[in-house]
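Trainee: I have a new model open and would like to work through it with you. Could we go strand by strand and then look at a few side chains?

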Amino acid sequence: MHPRLGPALALIAVLAACAPAKPPATAPDRLVLTPASFDDLKGWASDRVGEALAAFKRSCARRLRFSDDAAVGPQGMAGKVADWRPPCAAAVAVGENDDAAARSFFEAWFRPYRCANNETVDGLFTGYYEPELKGARDRGAGFETPLMKRPPDLVAVDLGDFRADWRGERIAGRVVDGRLKPYETRAQIEAGALDRLNLAFLWVDDPVAAFFLQIQGSGRVDLPDGSQVLVGFDGQNGWPYVAIGRVMIERGLIDRESATMPGIRAWLASHPAETKGILDANASYVFFREVAGDGPIGSDGVALTPGRSLAVDTKFLPLGAPFWLDAAADDGPIERLLIAQDTGGAIRGPVRGDLFWGHGAEAERRAGTMRARGGYFLLLPKTVPVAS
């Protein structure tokens, strides 16, 4: 050992011994399914299960387009299409207005499993809705904020196509010289980085409303002639979603209790000079398309059902499957059967969900204030083998 290094190394050793111990590493997220019974589903006997059955039939119609050996859920954790074909066929004969018959149907064909993240069965459940905005086909007369269609050079990549353990992870960007490069951020896009592409197809009167439309992923735009345009998600710029409520809490602008959608919007309305800086903290930017027919289309490829469609993390859970939610919200318990039909940038983990409430003032109220704690049960066909 060099003589001049000895005291230094001794000092380092002393400091290391005095340093606080590192916190134990957090276990990676992992879905654990525990067999349960319908008696474990609090409120099961009183729920209007027929409403969920209608949503389930929509997902069935899409699922049965695939071959019998197609896997359902990540790594086939929900079996194969062949396991779902008999219950989907039986559902057709069950009336959606007969809750007792719908309840008997699910009890006959499915088995519930308590979902946990490792050993934790408790999780966060939020809500989303279909906002209504005022807009026009052309810019001007107060309509200055664009809704943009998907850029032709935007490349979306599902990383699960490359490695099984990346399932549910996605990135997006632009190919430059044969390499995928990051796309422009929200701030760059709003500063005009994409103006040359003429992507705007609607203009709305409120930039904050447009921001929240991007978070919700779909909505309705009322035009001056009285007509209405439905818009739906058609791509994202690849930057990770950042919740501005959390940013505002970290900056000391609002407290945690005020970090609801109404609370955030009220703060932004009273601080217009600071609004852009807050919104730009979320570099994610969403592109839209016009949607014809029934309401917003979820990631499962079917129209969402208010109060019955749930967004989940598809890295762990299957789309099109029934879930029983048992959670406690500020305005009372939420005990109901839901169908997983969507995903979301903020929905991460085996016990995490986002409940779709529909459109209108009541849907906005419920979605904007919902921060419920609780858990859910996944219902799988009885023929699906589940590892313990």
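Trainee: Which residue is the bridge partner of Ala328 in β15?

Mentor: Happy to start there, with a word first on what we are looking at. This is a predicted model, in which local features need pLDDT of at least 70, side-chain atom pairs count only at pLDDT 80 or more, and totals for chains, interfaces and linings use all residues. Residues are numbered from 1 along each chain as its sequence is written, and side-chain values use heavy atoms, with hydrogens and water left out. As for Ala328, its bridge partner in β15 is Pro333.

Trainee: How many bridges pair β14 with β15?

Mentor: Helices (H or I, at least four residues) and strands (E, at least two) are DSSP runs, numbered from the N terminus, and two strands pair if DSSP finds at least two bridges between them. β14 and β15 form a hairpin with two residues between them. Strand β14 covers residues 322–329, β15 covers residues 332–342, and their antiparallel pairing runs over eight bridges.

Trainee: Which residues have the most contacts inside the largest nonpolar core?

Mentor: A nonpolar core is a set of buried Ala, Val, Leu, Ile, Met, Phe, Trp, Tyr and Cys residues joined through side-chain atoms within 4.5 Å. The largest one has 71 residues. Apart from it lies another core, of 14 residues, including Leu213 and Val286. In the largest core, the residues with the most contacts are Phe56 and Phe106.

Trainee: Is Trp84 buried or exposed?

Mentor: Trp84 sits in helix α3 (residues 81–91). Leaving out residues up to four places away in sequence, Trp84 has contacts (heavy atoms within 4.5 Å) with Phe56, Phe110, Pro322 and Leu379, among others. Its relative accessible area is 0%, so Trp84 is buried.

Trainee: Which side chains have a polar contact with that of Arg174?

Mentor: Arg174 lies in strand β7 and is buried, with a relative accessible area of 14%. A polar contact is a pair of N or O atoms within 3.5 Å; within protein, one must be able to donate a hydrogen and the other to accept it, and residues adjacent in sequence count only if both atoms are side-chain atoms. At 3.3 Å the partner is Tyr183, and at 2.9 Å it is Glu184.

Trainee: Over which residues is the pLDDT below 50?

Mentor: pLDDT is the predictor's confidence in each residue, from 0 to 100. The protein has a mean of 90, and 93% of its residues reach 70 or more. Where pLDDT is low, the predicted coordinates should not be read in detail. The stretch below 50, with two contacts in the model beyond near neighbours in sequence, is residues 1–21.

Key. Buried means under 20% relative accessible area, exposed over 50%, partly exposed in between (1.4 Å probe, protein chains only).
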